[in-house]
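Hi,

Here is the structure I promised you. Have a look at it first, then read my notes below.

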Amino acid sequence: MRPTGKLHLGHYVGALSNWVKLQDQYDCFYFIADWHALTTDYADTSRVKQSVVEIAIDWLAAGLDPERCALFIQSHVPQHAELHLLFSMITPLGWLERVPTYKEQRENIHDKDLGMYGFLGYPVLQSADILVYKGNYVPVGEDQVSHIELTREIARRFNNFYPLRGKSVLPEPQPLLTPSPKLPGTDGRKMSKSYNNAILLSDPEPVIRQKLKTMVTDPKRVRRTDPGNPDDCPVGSLHKIFSDKQTIQNVYAGCTTAGIGCIECKGWAADSIVKVIAPMQERRQKFEQNPKLAWEILETGSARARKVAEATMQDVREAMNFSHKYEEKLGAGNF
Ligand code: SF4
């Protein structure tokens, strides 16, 4: 996850809640991609470190547990950069120019100059991020599948050029597709910090309730006496994600018959969201009071990640004839 500031409910339902489940099923490595932040925000790095800590606190609050997964900072594991450099030597430019998100962002982002070498190459860095742990699976949404494809192609090319004792060094990872329901923000558009419509995981309960009150509803429900349809209402979408079956039934029954008002319905949605966020708020307290604790968890995680990454790099270097060991074939008689 790139460090772009505090996380919101969209991050939780789209990724984090799934990561929390995965930590008991796999040997998971989750990192804060601070180098990736540079691919678009290279000119001002003043907030990167602050964002790293904010995300770490959100992660820990959401239930990621350093005892059950590795939580770390990308730039504290320099092996990512080494593998990125090696991959950059064997990745054809055409592969990168074809990546759909590259084309999309070049076309849509106009307030920054993205004509940078690092921006074109960021999927190569992502491939290194994955393969430096010999990752078998990557939990991603549909829009990231092309990046995993590219990672597989790079791994294949690497294995093809540089087998180690007749075997492939790198696995070809698979996407672990996670259902990520689209979460509407308070204005009905996709929840996003840049739209200023987000409910943050760190928002206190009164703020959550206030934000919900301002949320747009089914546009056909103009008056209290007009029936509405939760399927056409952003608040209805929130219910479908966060509320229990009974509440959802009450929402449908009340909304379609004008039996309930939107204020009441939003109150129920707020109750459901608060139920999910309250335990997070409790967990986050100690880290907010002492953010250094979160930093130390990332440091410990980074040390663990470095160990695994270095083991991979030893194989990679050896396969490419860059190992740090002296070899007898270099010996006397050859000069
Ligand atoms: S009652 Fe609820 S679901 Fe129906 S329009 Fe109002 S807020 Fe939306």
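The shell around the ligand is made of six nonpolar, one polar and two charged residues. (Ala, Val, Leu, Ile, Met, Phe, Trp, Tyr, Cys and Pro count as nonpolar, Asp, Glu, Lys and Arg as charged, and the others, Gly among them, as polar.) Those residues are T217, D218, R221, P230, C233, V235, C255, C262 and C265, each with a heavy atom within 4 Å of the ligand.

Keep in mind that this is a predicted model, where local features need pLDDT of at least 70 and side-chain atom pairs count only at pLDDT 80 or more, while totals for chains, interfaces and linings use all residues. Numbering starts from 1 along each chain as its sequence is written, and side-chain values use heavy atoms, with hydrogens and water left out.

Now for the helices (DSSP runs of H or I, at least four residues, numbered from the N terminus). V235 and C265 from the ligand shell turn up again where helix 11 meets helix 13. On the helix 11 side, V235 is joined by L238, H239 and F242; on the helix 13 side, C265 comes with K266, W268, A269, S272, I273 and V276. Contact here means heavy atoms within 4.5 Å. By class, that contact has eight nonpolar, two polar and one charged.

Helix 10 also meets helix 13, through E205, I208, R209, L212 and K213 on its own side. This contact has seven nonpolar, one polar and five charged residues.

Cheers

Conventions: Helix = DSSP H or I, 4+ residues; strand = E, 2+ residues; numbered from the N terminus.
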